[in-house]
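User: I would like to learn how to read salt bridges and surface patches in a model of this kind. Could we go through them one at a time?

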Amino acid sequence: MSRIRKPSVFAPSPTSYVQEALGTVGVESRTVGCWSHALQNWFISRIPDRLRETITWNMNTAVRRAALKRLAQKKD
């Protein structure tokens with residue numbers, strides 16, 4: 001799934017993420033889980049939709065290309 005092994009500011013541990021997310025239940029109508037994700041969401045929401053879609057497309061394409069390359073190397 002994820003290669004994140006050590007918690008950081010933008011990738012909290014599962015325990016801290018759940019504690020923060022549950023702290024918003026009944027307080028907010030919508031949540032992103034934790035304060036660092038809220039900060040990321042705030043910055044991302046300031047980017048124009050078309051640019052955000054292009055960046056996302058390029059990132060996902062690069063991840064797919066790398067996965068297909070690893071798969072091809074395993075077959076050889």
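User: How far apart along helix α3 are R52 and D49, and what does that spacing amount to in helical turns?

Analyst: Please keep in mind that this is a predicted model. To read a pair like this, one looks at the spacing along the helix and then at the atoms. R52 and D49 lie three residues apart in helix α3, which spans residues 49-75, and so they are separated by about one helical turn. The two residues form a salt bridge, in which the closest N and O atoms are 2.4 Å apart.

User: How many salt bridges does the structure hold, and which residue pairs with R50?

Analyst: The structure holds two salt bridges. R50 pairs with E53, the closest N and O atoms being 3.8 Å apart, and these residues, too, are three residues apart in helix α3, with about one helical turn between them.

User: Are R50 and R52 exposed or partly exposed?

Analyst: Exposed means over 50% relative accessible area. R50, at 61%, is therefore exposed, whereas R52, at 26%, is partly exposed.

User: Which residues form the nonpolar patch on the surface, and where is V9 found?

Analyst: The patch is made of V9, F10, W35, L39, W42 and F43, which together have about 650 Å² of accessible area. V9 sits in the segment before α1, a helix covering 14-22, and is partly exposed with a relative accessible area of 48%; V9 can belong to a patch because the cut-off for membership is over 30%.

Key
Residues are numbered from 1 along each chain as its sequence is written. This is a predicted model: local features need pLDDT of at least 70, side-chain atom pairs count only at pLDDT 80 or more; totals for chains, interfaces and linings use all residues. Side-chain values use heavy atoms; hydrogens and water are left out. Patches are made of residues with over 30% relative accessible area and no salt bridge: like charges are joined within 9 Å, nonpolar side chains (Val, Leu, Ile, Met, Phe, Trp, Tyr) within 5 Å. Accessible areas come from the Shrake-Rupley method with a 1.4 Å probe; for residues, only the protein chains shown count as cover. A salt bridge is a side-chain nitrogen of Lys or Arg within 4 Å of a carboxyl oxygen of Asp or Glu. Helices (H or I, at least four residues) and strands (E, at least two) are DSSP runs, numbered from the N terminus. Buried means under 20% relative accessible area, exposed over 50%, partly exposed in between (1.4 Å probe, protein chains only).
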